Amino acid sequence: MLQLLDSLKHCHMMGVIHRDLKPENILLESKENKIIKVADFGLAVEAQEGEFKWFGLAGTPNYMAPEVLEMKAYGRPVDIWACGVILYIMLAGYQPFYDNDERRLHTLIKTGDYELSSDTWKTVTAEGKDMIMKLLCVVPERRLTAAHALQHIWFQKVKTAKNHRQQTLDKLKDFNARRKFKAAVHSSILVSSFLTMSKKKREDATSQKSSDNSIAGSIKKGRGK
């Protein structure tokens, strides 16, 4: 997360808003040096410090900030919100906002309705939870900037925690496994639906052909008379 926020700090200093930060767009340079690379700037826009305007609806729903879903003017804080979602996943192993119904999902995000009280969060310090809350603040002006987030006391403490990195990796592996499983199930449903539709089309075509042949036969008989 330190590397991600540092990269984001640089992007914002250069006047760039990524707008689609998510785990899939964070690449590991190599297993040896553990250096990350932020990828996919296809939705990025230019915006100066303090600049807020409607840049259009863009991003991945589960990582979109409330102001984007409400179609309000927005700026750099949308990237900070996405960082909050990613950090939540790193610490808990699941997303803070999730619902199969898009409207309910949007409501959860707009109201900042996430939980920090389940058993999963018992091992997370008060400083860690404070960091989450300051990144996932529904009021964009109150969210930490990337520069301020890097100075948060939680980062100073996790640097000394020997088991923190392994716990984070385990949570990310759990999340990735569930994400792949959901994708596989979704693909299976799509394939099944496609095969069912194809079968129905073939049956309809066969039925139509039989009907046409029957009509043609009747016409021939009529002419024969």
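Let's start with Asn25, which sits in the loop between strand E1 (16–17) and strand E2 (26–28). Keep in mind that this is a predicted model.

**Asn25 and its surroundings**
- If you skip the neighbours within four places in sequence, Asn25 is in contact with His18, Asp20, Lys37, Val38, Ala39 and Asp40.

**Two residues with a positive phi**
- Here's some background: most residues other than glycine have a negative phi.
- Arg19 isn't a glycine, yet it has a positive phi of about 75°.
- You'll find Arg19 in the loop between E1 and E2, and at 14% relative accessibility it counts as buried because the cut-off is under 20%.
- Asp40 isn't a glycine either, and its phi is positive at about 60°.
- Asp40 lies in the loop between strand E3 (36–38) and strand E4 (45–46), and it is partly exposed, with a relative accessible area of 42%.

**Val68 in helix H2**
- Val68 belongs to helix H2 (residues 66–69).
- Is Val68 buried or exposed? It is buried, with a relative accessible area of 4%.
- Leaving out neighbours within four places in sequence, Val68 is in contact with Trp54, Leu57, Ala58, Tyr74 and Val78.
- Val68 and Arg19 are 49 residues apart along the chain, and their C-alpha atoms are separated by 9.8 Å.

Technical notes. Residues numbered from 1 in each chain as written. Predicted model: local features only at pLDDT ≥ 70, side-chain atom pairs only at ≥ 80, totals over all residues. Heavy atoms only, no water. Helix = DSSP H or I, 4+ residues; strand = E, 2+ residues; numbered from the N terminus. Buried < 20%, exposed > 50% of the residue type's maximum accessible area, 1.4 Å probe, protein only. Contact = heavy atoms within 4.5 Å.
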